[in-house]
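Hi,

Here is the structure I promised to hand over. Please have it open while you read; my notes follow below.

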Amino acid sequence: MMHSVLDQLPQIMGHRGACGHAPENTLSSIEMAATLGSKFIEIDVCVTKDNIAVIHHDTDVDRCTNGHGPVLLKTLEEIKLLDASIQFSPHFTGEKIPTLKEAILTIQKLGLGLNLELKPCKGWQIPTTERVAAELQEYLPENVPLLVSSFNIEALKKLGSLMPDVPLGYLTEAIPPDWERRLVEAGCASLHCEKDFVTKENVTAVKAAGYKFLVYTVNDPEMANRFLDWGVDSVITDFPDRLFAGLQHIKTG
Ligand code: G3P
Ligand code: MG
(Lines give C-alpha, C1' and ligand atoms only; values in the text may rest on other atoms or scores of the structure.)
(Ligands and ions follow the chains in the order given, each with its own letter.)
Protein backbone atom coordinates (compact mmCIF):
# COMPACT_ATOMS: atom_id res chain seq x y z
CA MET A 1 0.00 0.00 0.00
CA MET A 2 1.23 3.51 -0.80
CA HIS A 3 1.06 5.81 2.20
CA SER A 4 0.66 9.50 1.48
CA VAL A 5 2.50 10.27 4.74
CA LEU A 6 5.62 8.83 3.18
CA ASP A 7 5.29 11.25 0.29
CA GLN A 8 5.22 14.14 2.76
CA LEU A 9 8.44 13.28 4.55
CA PRO A 10 10.54 16.43 4.84
CA GLN A 11 14.25 16.43 4.16
CA ILE A 12 14.93 17.53 7.73
CA MET A 13 13.24 16.07 10.78
CA GLY A 14 13.83 17.16 14.39
CA HIS A 15 15.25 14.49 16.71
CA ARG A 16 13.55 14.05 20.10
CA GLY A 17 11.96 17.38 19.16
CA ALA A 18 14.99 19.58 18.63
CA CYS A 19 17.12 18.14 21.41
CA GLY A 20 20.21 20.18 20.57
CA HIS A 21 18.33 23.22 21.83
CA ALA A 22 15.90 22.01 24.50
CA PRO A 23 15.54 19.05 26.87
CA GLU A 24 14.91 16.00 24.71
CA ASN A 25 11.40 14.63 24.23
CA THR A 26 9.72 17.51 26.11
CA LEU A 27 7.00 19.84 24.89
CA SER A 28 9.59 22.63 24.78
CA SER A 29 11.73 20.49 22.50
CA ILE A 30 8.78 19.87 20.17
CA GLU A 31 7.96 23.58 20.14
CA MET A 32 11.62 24.42 19.49
CA ALA A 33 11.66 22.08 16.49
CA ALA A 34 8.68 23.89 15.00
CA THR A 35 10.24 27.30 15.74
CA LEU A 36 13.39 26.21 13.89
CA GLY A 37 11.38 25.19 10.83
CA SER A 38 10.86 21.44 11.26
CA LYS A 39 7.68 20.12 9.72
CA PHE A 40 8.04 16.69 11.26
CA ILE A 41 9.52 15.48 14.53
CA GLU A 42 10.81 12.21 15.92
CA ILE A 43 10.03 11.43 19.57
CA ASP A 44 10.28 8.24 21.66
CA VAL A 45 7.41 6.57 23.51
CA CYS A 46 7.15 4.05 26.35
CA VAL A 47 4.61 3.32 29.10
CA THR A 48 4.30 3.91 32.84
CA LYS A 49 3.37 1.45 35.59
CA ASP A 50 -0.27 2.54 35.30
CA ASN A 51 -0.10 2.04 31.54
CA ILE A 52 0.00 5.59 30.24
CA ALA A 53 2.11 6.33 27.18
CA VAL A 54 4.82 8.91 27.90
CA ILE A 55 7.49 10.52 25.75
CA HIS A 56 10.86 9.30 26.95
CA HIS A 57 13.95 7.74 25.40
CA ASP A 58 15.62 5.64 28.09
CA THR A 59 14.29 2.68 30.05
CA ASP A 60 14.96 4.66 33.22
CA VAL A 61 14.62 8.32 34.12
CA ASP A 62 18.17 8.78 35.47
CA ARG A 63 19.89 10.50 32.52
CA CYS A 64 17.17 13.02 31.69
CA THR A 65 15.54 13.87 35.02
CA ASN A 66 16.28 14.36 38.70
CA GLY A 67 14.78 10.94 39.47
CA HIS A 68 15.93 7.34 39.41
CA GLY A 69 14.61 4.02 38.16
CA PRO A 70 12.62 2.54 35.30
CA VAL A 71 9.68 4.41 33.78
CA LEU A 72 7.76 1.14 33.82
CA LEU A 73 7.93 0.99 37.63
CA LYS A 74 6.56 4.53 38.13
CA THR A 75 3.00 5.79 37.97
CA LEU A 76 2.23 8.81 35.85
CA GLU A 77 1.81 10.80 39.05
CA GLU A 78 5.36 9.86 40.07
CA ILE A 79 6.67 10.65 36.59
CA LYS A 80 5.06 14.08 36.70
CA LEU A 81 6.95 14.94 39.90
CA LEU A 82 10.24 14.74 38.01
CA ASP A 83 12.12 17.65 36.50
CA ALA A 84 13.03 16.79 32.90
CA SER A 85 15.04 19.96 32.34
CA ILE A 86 18.36 18.86 33.79
CA GLN A 87 20.15 18.81 30.44
CA PHE A 88 19.30 22.49 29.92
CA SER A 89 18.75 23.99 33.37
CA PRO A 90 17.96 26.60 34.48
CA HIS A 91 16.19 27.95 31.40
CA PHE A 92 13.78 25.00 31.17
CA THR A 93 13.42 24.34 34.90
CA GLY A 94 10.15 22.65 35.72
CA GLU A 95 9.84 20.95 32.33
CA LYS A 96 8.04 17.61 32.67
CA ILE A 97 8.08 14.32 30.81
CA PRO A 98 4.99 14.71 28.59
CA THR A 99 2.34 12.10 28.00
CA LEU A 100 1.75 10.97 24.43
CA LYS A 101 -1.62 12.75 24.65
CA GLU A 102 0.04 16.04 25.60
CA ALA A 103 2.63 15.65 22.85
CA ILE A 104 -0.11 15.00 20.28
CA LEU A 105 -1.98 18.15 21.34
CA THR A 106 1.19 20.20 20.89
CA ILE A 107 2.03 18.56 17.57
CA GLN A 108 -1.47 19.22 16.29
CA LYS A 109 -1.40 22.83 17.45
CA LEU A 110 1.93 23.38 15.66
CA GLY A 111 0.86 21.57 12.47
CA LEU A 112 3.69 19.03 12.66
CA GLY A 113 4.00 15.45 11.41
CA LEU A 114 4.97 12.74 13.88
CA ASN A 115 7.60 10.02 13.63
CA LEU A 116 6.80 8.11 16.81
CA GLU A 117 9.49 5.65 17.87
CA LEU A 118 8.23 2.74 19.95
CA LYS A 119 10.79 2.23 22.75
CA PRO A 120 9.46 -0.70 24.75
CA CYS A 121 11.49 -2.28 27.55
CA LYS A 122 12.62 -5.73 26.60
CA GLY A 123 9.79 -8.03 27.63
CA TRP A 124 7.19 -5.24 27.42
CA GLN A 125 7.00 -4.94 23.63
CA ILE A 126 3.39 -6.10 23.28
CA PRO A 127 1.82 -4.20 26.22
CA THR A 128 3.65 -1.03 25.17
CA THR A 129 2.52 -1.31 21.58
CA GLU A 130 -1.07 -2.13 22.51
CA ARG A 131 -1.29 0.90 24.76
CA VAL A 132 0.35 3.26 22.28
CA ALA A 133 -1.96 2.06 19.50
CA ALA A 134 -5.02 2.57 21.71
CA GLU A 135 -3.93 6.11 22.57
CA LEU A 136 -3.14 6.95 18.95
CA GLN A 137 -6.58 5.72 17.95
CA GLU A 138 -8.17 7.81 20.68
CA TYR A 139 -6.14 11.03 20.52
CA LEU A 140 -4.44 11.44 17.15
CA PRO A 141 -6.44 13.63 14.75
CA GLU A 142 -6.70 12.30 11.21
CA ASN A 143 -4.90 15.32 9.80
CA VAL A 144 -1.68 14.69 11.74
CA PRO A 145 0.75 12.73 9.53
CA LEU A 146 2.04 9.67 11.42
CA LEU A 147 4.94 7.31 10.87
CA VAL A 148 5.67 4.72 13.58
CA SER A 149 9.23 3.42 13.84
CA SER A 150 11.07 0.94 16.04
CA PHE A 151 14.19 -1.17 16.41
CA ASN A 152 11.88 -3.92 17.64
CA ILE A 153 10.27 -6.12 14.99
CA GLU A 154 7.79 -7.62 17.45
CA ALA A 155 6.50 -4.14 18.31
CA LEU A 156 6.28 -3.17 14.64
CA LYS A 157 4.33 -6.30 13.74
CA LYS A 158 1.93 -5.72 16.61
CA LEU A 159 1.38 -2.08 15.67
CA GLY A 160 0.82 -3.12 12.06
CA SER A 161 -1.84 -5.62 13.12
CA LEU A 162 -3.62 -3.02 15.26
CA MET A 163 -3.30 -0.05 12.90
CA PRO A 164 -2.82 -1.46 9.40
CA ASP A 165 -3.03 1.92 7.68
CA VAL A 166 -0.12 3.46 9.57
CA PRO A 167 3.23 3.36 7.73
CA LEU A 168 6.02 1.67 9.68
CA GLY A 169 9.76 2.29 9.73
CA TYR A 170 12.39 -0.28 10.68
CA LEU A 171 15.21 1.19 12.75
CA THR A 172 18.68 -0.24 12.69
CA GLU A 173 22.25 0.88 13.19
CA ALA A 174 24.12 -1.12 10.54
CA ILE A 175 22.00 -2.37 7.67
CA PRO A 176 21.71 -6.14 8.04
CA PRO A 177 22.33 -8.30 4.97
CA ASP A 178 18.72 -9.49 5.11
CA TRP A 179 17.29 -5.99 5.43
CA GLU A 180 14.62 -6.56 2.80
CA ARG A 181 13.36 -9.74 4.44
CA ARG A 182 13.11 -7.86 7.74
CA LEU A 183 11.23 -4.96 6.17
CA VAL A 184 8.76 -7.38 4.60
CA GLU A 185 8.40 -9.38 7.83
CA ALA A 186 7.69 -6.25 9.88
CA GLY A 187 5.47 -4.69 7.22
CA CYS A 188 7.72 -1.65 6.95
CA ALA A 189 7.78 0.98 4.23
CA SER A 190 10.98 2.69 5.35
CA LEU A 191 14.43 1.91 6.68
CA HIS A 192 16.00 4.22 9.28
CA CYS A 193 19.75 3.78 9.57
CA GLU A 194 22.49 5.23 11.78
CA LYS A 195 24.59 7.77 9.86
CA ASP A 196 27.97 6.04 10.24
CA PHE A 197 26.72 2.94 8.43
CA VAL A 198 25.15 4.63 5.42
CA THR A 199 26.78 4.17 2.03
CA LYS A 200 25.73 5.34 -1.40
CA GLU A 201 25.37 1.70 -2.40
CA ASN A 202 22.95 0.78 0.35
CA VAL A 203 20.86 3.91 -0.20
CA THR A 204 20.63 3.06 -3.89
CA ALA A 205 19.65 -0.56 -3.17
CA VAL A 206 17.00 0.29 -0.59
CA LYS A 207 15.50 3.03 -2.75
CA ALA A 208 15.52 0.80 -5.83
CA ALA A 209 13.52 -1.76 -3.88
CA GLY A 210 10.85 0.90 -3.29
CA TYR A 211 11.45 1.84 0.34
CA LYS A 212 12.01 5.22 1.94
CA PHE A 213 15.41 5.79 3.53
CA LEU A 214 15.88 7.90 6.67
CA VAL A 215 19.16 8.57 8.47
CA TYR A 216 19.76 9.53 12.12
CA THR A 217 21.36 11.48 13.81
CA VAL A 218 22.87 13.96 11.37
CA ASN A 219 24.04 17.25 12.84
CA ASP A 220 26.57 18.23 10.17
CA PRO A 221 25.13 20.08 7.14
CA GLU A 222 27.78 18.72 4.76
CA MET A 223 26.92 15.18 5.74
CA ALA A 224 23.20 15.93 5.37
CA ASN A 225 23.75 17.29 1.88
CA ARG A 226 25.73 14.21 0.92
CA PHE A 227 22.98 11.87 2.10
CA LEU A 228 20.24 13.88 0.38
CA ASP A 229 22.31 13.85 -2.78
CA TRP A 230 22.44 10.05 -2.61
CA GLY A 231 18.65 9.91 -2.45
CA VAL A 232 17.99 9.74 1.29
CA ASP A 233 14.45 10.98 1.97
CA SER A 234 14.93 12.50 5.43
CA VAL A 235 17.74 13.22 7.84
CA ILE A 236 16.90 13.30 11.54
CA THR A 237 18.79 15.95 13.47
CA ASP A 238 19.23 17.47 16.91
CA PHE A 239 19.86 20.87 15.24
CA PRO A 240 17.32 21.56 12.48
CA ASP A 241 18.55 25.17 12.24
CA ARG A 242 22.10 24.09 11.33
CA LEU A 243 20.89 21.78 8.59
CA PHE A 244 18.40 24.25 7.13
CA ALA A 245 21.17 26.86 7.02
CA GLY A 246 23.45 24.51 5.08
CA LEU A 247 20.90 22.78 2.89
CA GLN A 248 21.88 22.71 -0.77
CA HIS A 249 19.34 20.25 -2.12
CA ILE A 250 16.04 21.85 -1.31
CA LYS A 251 13.20 19.67 -2.47
CA THR A 252 10.40 21.58 -4.13
CA GLY A 253 6.79 20.57 -4.69
O1 G3P B 1 14.49 7.39 15.30
C2 G3P B 1 15.82 7.72 15.13
C3 G3P B 1 16.60 7.64 16.42
O4 G3P B 1 15.91 8.33 17.42
C5 G3P B 1 16.87 6.24 16.85
O6 G3P B 1 17.75 6.15 17.92
O7 G3P B 1 18.35 5.99 20.28
O8 G3P B 1 18.01 8.22 19.26
O9 G3P B 1 16.07 6.75 19.70
P10 G3P B 1 17.54 6.81 19.35
MG1 MG C 1 14.41 7.84 18.87
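What covers the buried residues of α4? The cover includes two helices, α2 (27–35) and α5 (125–139). It also includes the strands β2 (40–47), β3 (53–55) and β4 (113–118). Bear in mind throughout that this is a predicted model.

Now α4 itself. The helix spans residues 100–110, and L100, A103, I104, T106 and I107 are buried in it. They sit on the same side of α4, because they cover an arc of only 165 degrees around the axis. L105 and K109 are exposed, on the face turned away from that buried side. Just past the helix comes G111, with a positive phi of about 70 degrees.

Helix α7 is next. It runs over residues 179–186, with W179, L183 and A186 buried. Viewed down the axis, the buried residues of α7 fall within an arc of 80 degrees, so they line one face of the helix. Their packing partners are α6 (153–162), β6 (168–172), β7 (190–194) and α8 (200–208). A glycine follows here too: G187 comes after α7, and its phi is positive, near 70 degrees.

E42 and D44 are both buried.

Then the interior. The largest nonpolar core holds 57 residues. The members that touch the most others are I43, L100, I107, L116, L136, F213 and V235. Two of these, L100 and I107, are also among the buried residues of α4. A separate core of 11 residues lies apart from the largest one, and includes V5, F40, L171 and I236. In general, nonpolar side chains in soluble globular proteins tend to be buried together.

F213 deserves a look on screen. Leaving aside neighbours within four places in sequence, its contacts include I175, L191, C193, V198 and N202. V203, V206, K207, V232, D233 and S234 are also in contact with F213.

Last, the annotation. UniProt, in an unreviewed entry, places the feature "domain: GP-PDE" at residues 10–247. In the model, that span is 35% helix and 19% strand. Its end C-alpha atoms lie 12 Å apart.

Send me any questions once you have been through it.

Best wishes

How values were computed: Residues numbered from 1 in each chain as written. Chains lettered and ligands numbered in written order. Heavy atoms only, no water. Buried < 20%, exposed > 50% of the residue type's maximum accessible area, 1.4 Å probe, protein only. Core = buried A, V, L, I, M, F, W, Y, C linked by side-chain atoms within 4.5 Å. Contact = heavy atoms within 4.5 Å. Helix = DSSP H or I, 4+ residues; strand = E, 2+ residues; numbered from the N terminus. Arc of directions from axis to C-beta. UniProt positions renumbered as here; feature names shortened; annotations may be inferred.
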